[in-house]
Amino acid sequence: MKIEDLYREVILDHYKNPQNKGLIKDERYHEVHLFNASCGDDVIVQVYVNNKRVEDVRYEGKGCSICCSSASVMTTQIKNQTLENAFIIIEEYFKLVKGEAFNDKILNGEPLAYQGVTKFPARVRCATIAWKACETALKEAENEKQ
Ligand code: ZN
């Protein structure tokens, strides 16, 4: 199996079997809604941070397969991380999709499936929208604690 096929499998798998999908009504969660007009991607991310740990990440959204699958992958990477690690992982992911050098000890496994979007600049926003929403929600949660 070629590496590109493996990556396609990851994207299709998360598109068909999304993880942590569905929003929750709980005021402890911080929620951020982002919309990508060029593609129609529409994503809401919710995070619950407790004791500087990301106890839960959820999302709801519609859009292209890159957007929806990357939202699902994002939740699996960020959930149960410390707040500090979560920000580091998100930064490394942004480097990956922009085609910059990233730390593969911090970022590995399924997120690497999105390396291919560097060749399609229009899709970079699709691959990052859920991650950006998550980053903003985590910052809100962080600021609230101070
Ligand atoms: Zn899209």
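I'm calling a residue buried under 20% relative accessible area, exposed over 50% and partly exposed in between, using a 1.4 Å probe and protein chains only. By that rule glutamine 77 is buried, because its relative accessibility is 18%.

Ground rules for these notes: the model is predicted, so local features need pLDDT of at least 70, side-chain atom pairs count only at pLDDT 80 or more, and totals for chains, interfaces and linings use all residues. Numbering starts from 1 along each chain as its sequence is written, and side-chain values use heavy atoms, with hydrogens and water left out.

**Helix H2**

I took helices (H or I, at least four residues) and strands (E, at least two) as DSSP runs, numbered from the N terminus. Glutamine 77 sits in helix H2. I looked up its contacts (heavy atoms within 4.5 Å). Not counting residues up to four places away in sequence, glutamine 77 touches Ile89, Asn108, Pro111 and Trp131.

Twelve of the 14 residues are buried, so H2 is largely enclosed by the rest of the structure. Among the buried ones I noted Cys67, Cys68, Ala71, Val73 and Met74. Just after H2, asparagine 80 has a positive phi of about 70°.

**H1 against H2**

I fitted axes as lines to C-alpha atoms, for helices over the stretch in contact, with angles from 0 to 180 degrees between N-to-C directions. The axes of H1 (residues 3-16) and H2 (residues 65-78) come within 8 Å and cross at roughly 85°. H1 brings Val10, Ile11, His14 and Tyr15 to the contact, while H2 brings Ser65, Ile66, Cys68, Ser69, Ser72, Val73 and Thr76. These residues split into six nonpolar, five polar and no charged.

Serine 65 is partly exposed at 28% relative accessible area. Leaving aside neighbours within four places in sequence, serine 65 is in contact with Ile11, Tyr15 and Ser70. Isoleucine 66 is buried at 13%. With the neighbours within four places in sequence left aside, isoleucine 66 contacts Ile11, Tyr114, Val117, Arg123, Cys126 and Ala127.

**Helix H3**

H3 (residues 83-97) has 15 residues and reaches 22 Å from first C-alpha to last, close to the 21 Å expected. Its buried residues include Phe87, Ile89, Glu92, Tyr93 and Phe94. Just after H3, glycine 99 takes a positive phi of about 80°.

**Zinc**

I listed the donors, meaning N, O and S atoms within 2.8 Å of the metal (3.2 Å for Na, K and Ca); water is not among the atoms, so sites may look incomplete. The protein donors of the zinc ion are Cys39 (SG), Asp41 (OD), Asp41 (OD), Cys64 (SG) and Cys126 (SG), lying 2.1 to 2.7 Å from the ion. The donor residues are spaced C-x1-D-x22-C-x61-C in sequence. Aspartate 41 is buried at 0% relative accessible area, whereas cysteine 39 is partly exposed at 32%.

Methods. Ala, Val, Leu, Ile, Met, Phe, Trp, Tyr, Cys and Pro count as nonpolar, Asp, Glu, Lys and Arg as charged, and the others, Gly among them, as polar. The expected span of a helix is 1.5 Å times one less than its number of residues.
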